[in-house]
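The exercises below are meant to be worked through with the sequence and the model side by side. Try each task before reading its solution.

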Amino acid sequence: MSEAKYLEIARRIESLIDIGHYAVGSKLPTHRALADEFNTTPVTIAKAYKVLAENGRIESFVGRGSFVRDRSQLKQVIQSHFADNEWNFSILQPCYADHLESLHTQLKNSFDQLSNPGLYGYTEDTGFSAHREAGFAWMQKFGLRTGSAEQTLLTNGAQHALSTLIELYTKPGDRIALEAQTYPGILSIASFLGRQPVAVAMDEYGMLPESLNEVCREYQPAMVIIIPSHQNPTGATMSEDRRRTLASVIQRHPLWLVEDDIYGFLNESPVTPVTDLIPEKSFYISSLSKAISPGLRCGYIKAPQNQVSRLASFIRATVWLASPLMFEVASHLIMSGTAIEMANKQRDIARHRQEIARHALSPYTLSAQKTSFHIWLSLPGNWQADQFTLTAKERGLLVSSGSYFSVDLNQFSVDLNQFNTEPGQLNVEPRQNNAIRLSLMAIADEGSFREGLRELATLLKTGKSGYLQF
Ligand SMILES: Cc1ncc(COP(=O)(O)O)c(C=O)c1O
């Protein structure tokens, strides 16, 4: 029996849950019954159930069996809206403390200047050159050295940039190499478009080049997507060395790099994008969503020179062009220096909030950079991430379960530990997602933020049984 058999079975059970064959709340067959059905052993079924439990799809109770979990409740936990009596640690957005008022004033001023009639028509279908210049200037500010304004394309946010690149540069059924824990927006695109995510092992500096190399040899992905700075969700930031080694691996294989550097502005000093090391194979993405406002829906792609017209035609075919009115406003903000000031301010707030959070959550294993918007917290004791997320929600604390980010059950994942063993032999294992992501920026008021952290610390200290753990 192959080592991956239990994963294959876990996936099949998950599909049966998805199509409603096993309804939410229903009891799953016993290990023995399912072993007969799948022509395998009860031990393999037990392993498959363990994977499903780790990924929040089922819940197992000693003596009672395994039951299908309701994930709709979990989905509601990532929320942009929240009630007064809730603390939102779930959504990654700028901190609106004083920001909203100054943004509002700036926008009013910019809107007063929207006199160019071209902005109101179907002109400039690849985007206004002034907007592309501003976008390129924005990306250069945070480290990009290669490319030009002509190589800069405009999208409705980074999400649109990602979906555009995945749709245009991969085919249905193609594999896409991703960091083992990644931004769920990428997983959704892959799922809707029928692309297969492949998990690449990570450490505190992000994607491991040797793991990517193995994945490329074994699965021939058409694309690799990385979030090199303040990675969502782990907070990992790639060192210059890591970037160079990763670039040399990508250079050796026939695949595209998509570098989603939406959090690059949070680095204390500019870091060389991987794109700059292999510009002919790379697409670099940035956006104003995290530094200014996701409401602008302004994103940028810097493309290899020979891909610009293809990409521009695809954007034209799908949305014609990203809203020029919004890009006009964004360009004023960038060219006047206001956007950079706002980005710097958000970075300062993030630094301050990291200090507060690290102090409040000091007994726990946290990972993040000093200026990240979020923290990745390994759950202590007997807490399981989905359970913690739901219990926290009952107490008005909105946090994001590690299970949202995991490339785990998706088709293929490579075990981090294999690199200590024989090269070339892929040892497929489920990932551990027993962590939560905490956004430190969504609660505008600092007093309320501190209060929420105290509540969180109390809940963490309390085991799921309700008893204090230390
Ligand atoms: C890594 C990453 N990429 C892309 C996005 C989407 O950004 P946008 O609002 O610009 O579409 C997010 C949002 O959280 C993100 O974390």
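A polar contact is a pair of N or O atoms within 3.5 Å; within protein, one must be able to donate a hydrogen and the other to accept it, and residues adjacent in sequence count only if both atoms are side-chain atoms. The model is predicted, with local features needing pLDDT of at least 70 and side-chain atom pairs counting only at pLDDT 80 or more, while totals for chains, interfaces and linings use all residues. Residues are numbered from 1 along each chain as its sequence is written, and side-chain values use heavy atoms, with hydrogens and water left out.

**Exercise 1. The ligand**

Task: find which side chains place an N or O atom 2.5 Å, 2.7 Å and 2.8 Å from the ligand.

Solution: Begin with the ligand nitrogen, which lies 2.5 Å from an N or O atom in the side chain of D260. Next, turn to the oxygen atoms: one is 2.7 Å from an N or O atom in the side chain of K290, and for the side chain of R297 the distance from a ligand oxygen is 2.8 Å. The protein covers 92% of the 400 Å² of accessible area that the ligand has on its own (Shrake-Rupley method, 1.4 Å probe).

Task: describe the shell of residues around the ligand, counting a residue as near if one of its heavy atoms lies within 4 Å.

Solution: The shell holds 13 residues, of which A158, D260, Y263, S287 and K290 are the closest. By class, 5 are nonpolar, 5 polar and 3 charged, where Ala, Val, Leu, Ile, Met, Phe, Trp, Tyr, Cys and Pro count as nonpolar, Asp, Glu, Lys and Arg as charged, and the others, Gly among them, as polar. Helix 7 (residues 157-169) gives the largest share, 3 residues; helices (H or I, at least four residues) and strands (E, at least two) are DSSP runs, numbered from the N terminus.

**Exercise 2. Strands**

Task: work out the order of the 4 strands in the open sheet.

Solution: The order is 13-14-18-16, with antiparallel pairing, and two strands pair if DSSP finds at least two bridges between them. At the edges, pairing on one side only, are strand 13 (365-367) and strand 16 (400-401). Strand 13 joins strand 14 (residues 374-378) through 3 bridges, and W376 in strand 14 is the bridge partner of S367.

Task: where does a positive phi occur in the hairpin of strand 1 and strand 2?

Solution: Strand 1 (residues 58-61) pairs with strand 2 (residues 65-68) in the antiparallel sense over 4 bridges, and I58 has V68 as its bridge partner. The hairpin leaves 3 residues between the strands, and the positive phi, about 85°, belongs to G63 in the turn.

**Exercise 3. Backbone exceptions**

Task: locate the cis peptide bond that ends at P233.

Solution: Most residues other than glycine have a negative phi, and most peptide bonds are trans. The bond from N232 to P233 is cis, with omega near 20°, and P233 sits in the loop between strand 9 (223-226) and helix 10 (240-252). N39, although not a glycine, has a positive phi of about 55°, and its loop runs between helix 2 (31-37) and helix 3 (42-54).

Definitions and conventions: A residue is near a molecule or strand if one of its heavy atoms lies within 4 Å of it.
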